[in-house]
Each structure stands twice: as structure tokens, then as C-alpha cells.
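Please load the model in your viewer and keep the selection panel at hand. The tour moves from the ligand site to the overall fold and then to individual backbone features.

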Amino acid sequence: MARITASVYTSHVPAIGAAMDLGKTQEDYWKSVFAGYDFSKQWMKDNKPDVIFLVFNDHATAFSSDLIPTFAIGTAAEYQPADEGWGPRPVPVVKGHPELASHIAQSVIQQDFDLTIVNKMDVDHGLTVPLSLMCGPLDPIKDAWPCPVIPFAVNVVQYPVPSGQRCFNLGQAIRKAVESYDEDINVHIWGTGGMSHQLQGARAGLINREWDNAWLDQLIQDPAACAATPHINYVREAGSEGIEMVMWLIARGAMNDIKDGKATGPAPQLRHRFYHVPASNTAVGHVILENSSST
Ligand code: DHB
Ligand code: FE
């Protein structure tokens with residue numbers, strides 16, 4: 001059967017993608033951001049997944065106010081990097097995994113989470129920047145991402161957005177879905193976006209190191225309590241765009257230690273943790289957790 005072996009958490013910032021695409025990663029401003037991913041790139045090579053289930057948010061690129069799915073799963077064979085106003089990023093096409101994605105859609109909808117099925121979607125920085133950070137620079141034509149990716153888009157742009165608790169519960173349903181897929185494959189689940197940032201209004205530029213790091217502690221060690229964090233705390237403490245952090249709870253909820261909404265099994269192993277301010281307007285957070293056992 002398929003297994004989730006690890007979860008990866010990382011911020012996405014369009015300027016990080018631009019720094020990579022324009023060869024600026026060794027400039028003073030960017031050096032220390034990318035240094036935080038040196039371990040991760042090697043870890044990806046040493047722990048290559050068969051499939052990445054990548055939880056991200058679309059930034060009014062594939063979707064708009066015309067259509068706002070709360071949770072949308074990509075079942076397509078491939079996804080083109082989106083044009084966000086400066087042309088598509090020069091990165092490889094993202095190959096999907098229609099069989100596993102359709103299986104997860106079937107299972108998760110049967111577990112009473114309503115998903116939108118997406119058969120055509122361009123993917124913006126929310127998806128391609130985490131891939132670039134974890135895989136390093138790749139030639140758009142000659143190279144390929146290391147494995148197929150199932151994009152899972154969450155609405156965190158237009159209220160009402162899903163709660164952290166619902167995201168955490170959904171993660172548990174996704175794990176069940178993966179574990180009922182009848183093929184021995186190794187799946188990583190990634191939660192992306194965040195951490196503290198606010199791009200607009202009187203508090204634009206807000207960063208909250210203390211809150212971000214306390215939230216990371218809780219995500220790792222006491223995920224059920226972390227999941228209970230209400231929306232207003234994210235917005236007040238981590239800024240209007242800090243709400244992207246609820247997506248990390250989908251990945252955390254899919255880890256083996258979670259049973260019936262509580263962390264009862266052996267805790268996952270913390271392989272890597274990184275935090276850096278600033279990258280553009282955003283506090284960059286990054287964590288890698290490996291499942292201790294496949295209970
Ligand atoms: C920035 C961060 C984001 O999460 C985003 O979607 C767009 C911009 C920023 O810090 O510039
Ligand atoms: Fe964003």
C-alpha cells in the first residue's frame with residue numbers, strides 16, 4: 001500500500017522564485033535564505049518520494065472571484081507554470097499523478113470532505129517556489145521535477161477560508177486515502193505558504209518572529225492545540241496573509257502520530273527547522289518531519 005513517509009513545510013514568496021530564476025541566490029540579501037534549504041535539497045535526494053502531495057494556495061491566478069473552491073485537487077496529467085504578470089517561471093512542467101489523485105478524491109469525498117476536481121490548472125508561485133526551494137534550480141526543458149506532484153489548492157485568499165481545525169481533520173482523511181491506495185509507493189505531503197506577512201493596509205510589512213516560532217513549536221509538538229488556533233489569532237498576530245499557515249495543518253494532520261484528532265502515536269522526527277526574516281515582506285519558515293513508524 002502507499003505510505004506517507006514525511007511532511008515538508010515551507011513558505012512561498014514570489015521574489016524567492018525570481019532570485020533563483022535571475023541567478024541572485026548568492027547575493028547578500030538572499031544567501032542566508034537559500035542556506036536554510038541546503039540540508040533540504042540533499043534530504044530530497046536521499047529521501048526521494050514517488051509522489052508529492054503539495055498543499056498550496058492559488059493567488060487569483062488559476063482561480064478568480066468568478067470561482068473560489070475551498071479545497072481543490074488536481075487530477076490532471078500535467079500543469080503548466082503560470083504567467084503571473086512577468087511570463088511563466090522558467091521551470092519544468094509539473095507532471096501530475098491522475099491515478100492516485102483520483103483515488104484520493106474518491107476516498108476523501110466519501111469521508112465527507114467536499115473537494116473540487118481540477119482537470120486543468122496553471123500553477124503559480126504558491127506551488128513552484130516550494131518545489132524550487134526543495135529541488136534547486138532546474139532547466140525548464142532538459143530537467144524534470146524529481147517525481148509527479150498532486151496539487152491541492154486551498155482558498156486562503158477570499159473569506160470565508162477554512163479553519164486550521166478543518167485543515168487538520170482533512171489531513172487525517174488524506175492519510176487514510178493514501179493508505180488505501182493499492183501500490184507500494186512513498187508519498188510526501190507538503191504544507192506551504194506563510195509565515196507572518198501582511199501585504200496591504202496600515203500594517204503592511206508586519207512580521208512576528210515570536211508568534212511564528214511559538215506556532216512552529218506547537219505545530220511540531222502539540223499539533224492538536226495548534227489546529228485549534230482561531231482565524232483571528234493568525235490575522236492579528238501573523239498579519240492578513242499569515243492565514244496561509246492553516247495549510248501547514250493539512251500536512252501535519254496526515255502524519256502517523258495523529259489518531260482521532262489527537263497526537264497519540266510516536267512523534268515524527270524533526271529533521272530540519274529553519275526561520276529567516278525577511279524575504280521580501282515575509283517571514284520564511286521551513287520544517288521537515290519524518291514519520292517515526294508506519295502505524
Ligand atoms: C509575498 C508573499 C506571498 O505569500 C505572496 O503570495 C506574494 C508576495 C511577499 O512577501 O512579497
Ligand atoms: Fe502567498
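Begin by selecting Ser-280 together with ligand 1: an N or O atom in the side chain of Ser-280 is 2.6 Å from an oxygen atom of the ligand, a polar contact in the sense of a pair of N or O atoms within 3.5 Å. The protein covers 89% of the 300 Å² of accessible area that ligand 1 has on its own; such areas come from the Shrake-Rupley method with a 1.4 Å probe.

This is a predicted model, in which local features need pLDDT of at least 70, side-chain atom pairs count only at pLDDT 80 or more, and totals for chains, interfaces and linings use all residues. Residues are numbered from 1 along each chain as its sequence is written, chains are lettered from A and ligands numbered from 1 in the order in which they are written, and side-chain values use heavy atoms, with hydrogens and water left out.

For Glu-244, the corresponding side-chain distance to a ligand oxygen is 3.4 Å.

Now display the residues around ligand 1, those with a heavy atom within 4 Å of it. Among them are His-59, His-125, His-197, Leu-199 and Asn-281. By class, this shell holds 4 nonpolar, 7 polar and 1 charged residues; Ala, Val, Leu, Ile, Met, Phe, Trp, Tyr, Cys and Pro count as nonpolar, Asp, Glu, Lys and Arg as charged, and the others, Gly among them, as polar.

Zoom out to a cartoon of the protein chain, which has 10 helices and 12 strands, taken as DSSP runs (helices H or I, at least four residues; strands E, at least two) and numbered from the N terminus. Along its principal axes, the C-alpha trace spans about 45 × 45 × 40 Å.

- Gly-194 and Met-195 are joined by a cis peptide bond with omega about -5 degrees; Met-195 lies in the loop between strand 8 (186-192) and helix 7 (209-221).
- Val-277 and Pro-278 are likewise joined by a cis peptide bond, omega about -5 degrees, and Pro-278 belongs to strand 11 (residues 269-279).
- Ala-60 has a positive phi, near 55 degrees, in a residue other than glycine; select the loop between strand 2 (51-56) and strand 3 (71-74) to find Ala-60.

Conventions:
Polar contact = N/O pair within 3.5 Å; in protein donor to acceptor, adjacent residues only side chain to side chain.
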